[in-house]
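Here is a short tour of how the inside of this protein is put together. Have the sequence and the 3D view open as you read.

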Amino acid sequence: MSEFKIQMPKLGESVQEATITKWFVKEGDKIEEDDALFEVATDKVDSEIPSPVDGVISKVFFDVDAVVAVGEIVAIIKMEGEEDDEPQNQEPENKQQAETASKEGIKQEDTNAKVEAESKRSESGRFYSPLVRSIAKAESVSMEELEQIQGSGQNGRVQKNDILQYIEERDSEKTQQSSSSQEVKSEKPQTSNVSASIGSDDQIIEMDRVRKLIAEHMVQSKKTSPHVTSVVEADVTNLVLWRNRVKNEYLEKYNEKLTFMPIFIEATAKALTEYTMVNASVDGDKIYLHKNVNMGIAVAKPDGNLVVPVIKEAEQKNLLGLTKSLNQMADKARNNKLGLDDYQGGTFTITNFGSFRNIMGTPIINQPQVAILATGSIEKKPAVMETSTGDVIVVRHKMFLSLSYDHRIIDGAMGGAFLRRIADILEAFDADKEV
């Protein structure tokens with residue numbers, strides 16, 4: 001029988017691993033193409049992974065709650081639709097290896113390749129994932145050093161955070177030893193060991209899995225990028241008056257609810273085509289300038305967590321196209337129907353603080369992007385305007401726009417100019433525009 005290997009898919013541009021939260025099948029089950037195999041979760045997405053072929057589940061290498069690197073084989077499907085009739089004891093070594101891999105939350109590249117599977121273990125029999133081994137190789141961590149690391153994973157398995165912490169502590173030690181005239185201590189951000197003061201009426205809430213992943217993602221972004229935030233105030237009176245005038249007609253004509261966000265997306269996409277360095281991603285010391293503007297929009301899910309689905313090629317869509325894309329995306333988010341493709345390929349992100357009646361915010365960059373825009377609430381304010389007969393005080397609709405950007409890539413002049421360009425586009429909105 002021919003075999004098809006099911007790999008952990010890439011669930012986002014910056015995602016390197018995912019957690020299996022549920023299996024819909026077990027070994028021996030017959031499945032058809034597009035049947036759900038398992039459910040995975042990252043800080044960006046919870047999604048069901050369908051089967052690309054018909055067949056029988058031959059092997060399952062991971063248990064629920066196992067953390068699996070992208071590209072790892074999680075299951076094998078025999079494609080002729082029948083179970084293998086050979087006695088189970090004909091391949092005791094391969095079966096034992098597969099069961100051991102499943103219990104430890106790991107997998108083998110090929111259950112028939114014993115030598116290859118064993119190459120992932122040290123002489124002591126301890127397993128190291130491909131991700132841990134690649135980090136060890138890049139950072140010149142020897143096998144002897146790996147053996148000394150206390151793992152926080154299942155059965156003491158060394159995880160990514162364990163080896164990264166070891167490398168940081170090792171480098172800190174080397175820095176201290178190289179200083180002969182003074183003590184030089186490399187400080188590492190750590191969770192405070194001071195216990196919180198808990199009263200008898202206080203409530204303790206354990207972070208759920210998604211909140212833990214979001215927290216880790218946010219902390220990692222702050223560690224990676226030196227954040228700088230610029231703020232401008234924009235007079236958006238024209239677009240407010242236009243939207244108030246046409247929103248009912250827009251709904252009747254296109255069956256789409258018109259909010260301010262599609263207008264913000266349109267203005268930002270136009271500015272990004274002019275400031276291409278802001279529409280970029282960073283990988284190590286390489287900067288990738290993206291041709292298309294794939295706009296990530298922070299959307300609230302029913303459980304209160306925020307996700308960032310992506311509108312692809314936003315610069316090529318008109319206002320109606322952006323409105324339809326945004327409304328469809330929001331509806332899918334509310335009903336937990338967002339799929340893997342909805343999250344992938346983002347090059348820039350917008351988050352709307354105004355939806356919470358906040359005037360501004362300082363958002364955290366969605367790695368590996370280099371900038372994120374926050375839109376504040378629109379409020380009526382007194383403003384001084386010049387007229388032919390002198391200055392007058394009038395009521396105008398104004399809002400704050402704030403841009404957080406990676407100061408490694410974008411300096412203050414570029415960040416400020418880009419943000420000002422978005423404000424200028426919004427202020428120049430045609431109040432007589434036809435629907």
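## The nonpolar cores

In this predicted model, the largest nonpolar core holds 54 residues, and those with the most contacts inside it are Ile265, Met295, Ile297, Phe348, Leu401 and Leu426. Helix α8 gives the most to this core, with 8 residues. Apart from it lies another core, of 24 residues, Ile31, Val53, Phe61 and Ile73 among them. A nonpolar core is a set of buried Ala, Val, Leu, Ile, Met, Phe, Trp, Tyr and Cys residues joined through side-chain atoms within 4.5 Å; buried means under 20% relative accessible area (1.4 Å probe, protein chains only).

A word on conventions: residues are numbered from 1 along each chain as its sequence is written. Local features need pLDDT of at least 70, side-chain atom pairs count only at pLDDT 80 or more, totals for chains, interfaces and linings use all residues, and side-chain values use heavy atoms, leaving out hydrogens and water.

Helix α8 covers residues 261-274 (helices are DSSP runs of H or I, at least four residues, numbered from the N terminus). Because 10 of its 14 residues are buried, α8 is largely enclosed by the rest of the structure. Among the buried ones are Phe264, Ile265 and Leu272.

Beyond its neighbours within four places in sequence, Met295 is in contact (heavy atoms within 4.5 Å) with residues including Ile265, Thr268, Ala269, Leu272 and Phe348.

## Where α7 meets α9

The contact between these helices is made by Trp242, Tyr250 and Tyr254 of α7 and Leu319, Leu320 and Thr323 of α9.

Definitions and conventions: Helices (H or I, at least four residues) and strands (E, at least two) are DSSP runs, numbered from the N terminus. The expected span of a helix is 1.5 Å times one less than its number of residues. Buried means under 20% relative accessible area, exposed over 50%, partly exposed in between (1.4 Å probe, protein chains only).
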